[in-house]
Amino acid sequence: MGRTELSGFIATLNRDLSIARREGGEAFLAVLFFVLGALLFPLGVGPEAQLLAAVSAGLIWVMALLSTLLALDRLFQADWWEGTLELLVISPEPLPLIIAAKCTAHWIVTGLPMAVAAPVMALLLNLPPEGWLTLVGALLIGGLALSFIGSICAALLIGSRRGGVLMTLLALPLYIPTLIFGAGAVQAAVGGYDSTGHLALMGAITLSSISLCPWVTSAALKQAME
Amino acid sequence: MSDEAYLMTKHVLELSNLACRRGGRLLFSGLDLSLTEGGAALVTGPNGSGKSSFLRVIAGLIQPLQGQIHWEGQNAQKFSDNFRSALRYVGHSDGLQPVLSVLENLKYWSQIYGSSQDLKKLNRGLESVGLFDLSELPARVLSAGQRRRLALAKAIATDGRLWLLDEPTVALDRQSIKRIETAISEFRSSGGIVIASTNAPLNLSDCKALDISDYQWAEQN
Amino acid sequence: MNLSAAPKGNFWHRLANPARFERLARWLTPWFLLGFLGFVSTGLYFGLYASPIDYQQKDTVRIMYVHVPAAWLAMMTYSTLAISGFVFLVWRHPLAEVAGLAAAPIGAVFTALALVTGAIWGQPTWGTWWVWDARLTSVLILFFLFIGYIALRNAFDDPSRAAKSTAILAIVGAVNLPIIKFSVEWWNTLHQPASVSRFDAPAIDPAMLRPLLLMACAYLCLFFFVLIFRMRLELVRRRITALQYAQAGVSDR
């Protein structure tokens, strides 16, 4: 009985994962969209192998950004609609901790599968195999940052008239560093250069977003309650 | 004064000079209310007059324009941990996750509030609102009245000490209303405090009546 | 019951009164207008006429006097958004959020000006209308940050919610801007061949510095002139809305 420091985190993590599991396919729509990009780009720019190989790292990352953005709606929308969000805001559990749990669950449900699906994308877009491992690693690290940073924009837009497209507009500039270092890491690996510098920078972004974003998102949620 | 008498007159919840402004309108001001253990207040007033906002100000969802809230002698806005652990707010929305089962919904909140997750206790909470038979069903399939009862079960089963109920009996049939009233009385007799807003009939014995329109003044420019 | 009773002594508190702000604003406005006219005329004189031409770029370098200060002002305006957001969230000063609301479109225009003049500058120099160099790319991102701010403001019916959300957004954007700029520079050095030099002013000759600073002062005066004007406009607009609400409220009693 009683609360430990992490009990709210674990409880919320479990709950969000259970909900995602029960809702079944919905959570995977974002991953499907992610892989859809592998179909769209060759149709758009032509199937020439060398061209695709040159742009594949960036394309995969752009698709990862957009797919994460699409899935950001689900972060708070359901809880806001059902009224559980306001209960969490006034609960004795620290709100940033609960937000961190929700972002982590979001990453497990969207970011993680995307990283797993990335080799398929890499195959279809002709990314040289030297880059595959770095791609998966970078998407894992970066995906966590994307979920956390995106939570700020999702919180700012709760209950507004315009949802999805505006969220994209707000979040994409904030995603740019992750994109640059993530794609850079893969390109470095493909070129035979050392990608650890890029990955280290990505790691720094992820760590700082994990520790800082929940506080900002918490402030955004509180003002959304008024 | 004996210890018992002192405790009985000690005000656990004190609202002083509370004022709230929303959307540029001053909803109420100069509102004072004190409640002891087992006390209750029934908030009435026309629709849109600020009953919900009043409850939300106490809950901490809205910052008051001025005034203070004291819980057990402490300023609830500055030292909110104690207050939040004791507070259970049931607003217009039911606060349920549709895909989780009735019991799972309850279990989550008992984890958040740090109250006992003992199955017997949760089931007793469900029984008191007549939902024990439905405990394994997803909350999605409950009727509006049943959802309302589950929302109240959250307050009942998680050892709160202050209940803020916003129109708790909306969409409920008479039997459910009776159940709620019984639950409220039991809660109060164990020392809990209830503030409920309502337009529908809700029978609370020995409670203070608070009409929001008493605290509305014509605003001067 | 009048809750905001006697005016407090602090200058900023007194300024929160719209009537007082209006008086101060009306007094300041002509000075900023004069300042702008003065600075822009001397700046353009020195910039377009009485300053040396660049060895390589010849006369086209003169665009720099319009382009570079515009970029500076764009950055400064975003800082204004962030600072006013911070002031609003911490001290709840009502003028702060009005300042943010008024400044955002000005910033967007300065950013657009920087982008367009950047393109005009680039065309004769590099042969294309757009070059993805680090500075222009950062300015383009800044443009989207402004548009995002404006769009977020308009996304809410409740003005206080709009004000608080955009305040948070501006602060988040300001904190992220250095990170974004750093990553864009990094990206640029990765992908640009070394031969393409930075799309920058050549070594700053003092004769070139003068018109640059004059134009910067001109833009600054213009910024304050337009800002105060827009703030007054917004305060009047709010007063009208309040009167309309009051009229609707009275009719039901």
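Q: Before we start, how are residues, chains and ligands numbered or lettered, and which pLDDT limits apply?
A: Residues are numbered from 1 along each chain as its sequence is written, while chains are lettered from A and ligands numbered from 1 in the order in which they are written. Because the model is predicted, local features need pLDDT of at least 70 and side-chain atom pairs count only at pLDDT 80 or more, whereas totals for chains, interfaces and linings use all residues.

Q: OK, how many helices and strands are in chain B?
A: Chain B has 7 helices and 9 strands, these being DSSP runs numbered from the N terminus (helices are H or I, at least four residues; strands are E, at least two).

Q: And what box do its C-alpha atoms fill?
A: Taken along the principal axes, the C-alpha atoms of chain B fill a box of roughly 55 × 45 × 30 Å.

Q: Switching topic, how many residues of chain C are in contact with chain A?
A: 22 residues of chain C are in contact with 22 residues of chain A, where contact means that C-beta atoms, placed from the backbone, lie within 7 Å.

Q: Which helix gives the largest share of that side of chain C?
A: The largest share, 13 residues, comes from α6(C); α5 (134–154) and α6 (159–191) of chain C each supply at least two residues.

Q: Last one: what does A:I60 touch?
A: Not counting residues up to four places away in sequence, A:I60 touches A:A118, A:M121, A:A122, A:L125 and A:L135.

Conventions. Contact = placed C-beta atoms within 7 Å.
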